[in-house]
Amino acid sequence: MFHFIILVIFSVIFRIHSWGNTVAAAFEQSAIGMFGYMTDLTRVTISKQYDIEVSGQDMQNLLYKFLDEILFMFCAEPFMVAKVCFCFFQSHTFALISCL
C-alpha cells in the first residue's frame, strides 16, 4: 500500500491524502483529491481527453510535476479532472504518460 501526503498552498494550506495498491493508483487519487477540493466531481462530465507526459528526478518530484501540469491545464483551459488513468508509468525511471 502506497500513501502520499501533499500540501497544496493557494490562499490556504490543505493536505491531500492519497493511497493505492500501486504508486500509479496513489498518483491517480492525488489528482482526483486535488480537484475534489475545487468542485463537486459527481457533477463533472467527461467531454475531452488530454494526454500529458511528465518526468521527474525522484518519486516526490514526479508527483509534484504531475499535479503542477494538470493544475496548469486547469488554469489555461476550461479543464477539470474527473478520471485519471496512466498509459505509461515507470517508477524506476520516474516517468509517466497520463490520459485525463
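**Group meeting: a disulfide and the sheet around it**

Okay, let's start with the sulfurs: C87 and C99 are joined by a disulfide, with S to S at 2.0 Å; the term here means a pair of cysteine sulfur atoms within 2.5 Å. The model is a predicted one, so local features need pLDDT of at least 70 and side-chain atom pairs count only at pLDDT 80 or more, while totals for chains, interfaces and linings use all residues. Residues are numbered from 1 along each chain as its sequence is written, and side-chain values use heavy atoms, with hydrogens and water left out.

Back to that link. The link of C87 and C99 is left-handed, with -40 degrees about the S-S bond. C87 sits in strand β4 and C99 in strand β5, so the pair ties together parts that are 12 residues apart in sequence. C99 counts as buried, at 8% relative accessibility. The cut-offs are under 20% relative accessible area for buried, over 50% for exposed, and partly exposed in between, with a 1.4 Å probe and protein chains only.

What about C85? Its closest cysteine sulfur is in C99, 4.2 Å away, which is too far for a bond. C85 is partly exposed at 33%, and C75 is exposed at 64%.

Now the sheet. It's open, three strands in the order β3-β5-β4, with antiparallel pairing; strands pair if DSSP finds at least two bridges between them. β3 (51–55) and β4 (85–90) are the edge strands, each pairing on one side only. Five bridges join β3 to β5, residues 95–99, and V54 has L96 as its bridge partner in β5. Helix α2 (residues 59–76) packs on the sheet, touching β3, β4 and β5, and its direction makes about 150 degrees with that of β3. Contact means heavy atoms within 4.5 Å; axes are lines fitted to C-alpha atoms, for helices over the stretch in contact, and angles run from 0 to 180 degrees between N-to-C directions.

On the other pairing, five bridges join β4 to β5, and F88 stands opposite I97. That hairpin has four residues between the strands, and F94 takes a positive phi near 55 degrees.

Last stop, S18, in strand β2 (residues 13–20). Buried or exposed, this S18? Buried, at 1% relative accessibility. Its side chain makes a polar contact with the side chain of S30 at 2.6 Å, meaning a pair of N or O atoms within 3.5 Å; within protein, one must be able to donate a hydrogen and the other to accept it, and residues adjacent in sequence count only if both atoms are side-chain atoms. The S18 side chain also reaches the backbone oxygen of A26, at 3.1 Å.

Note on methods:
Helix = DSSP H or I, 4+ residues; strand = E, 2+ residues; numbered from the N terminus.
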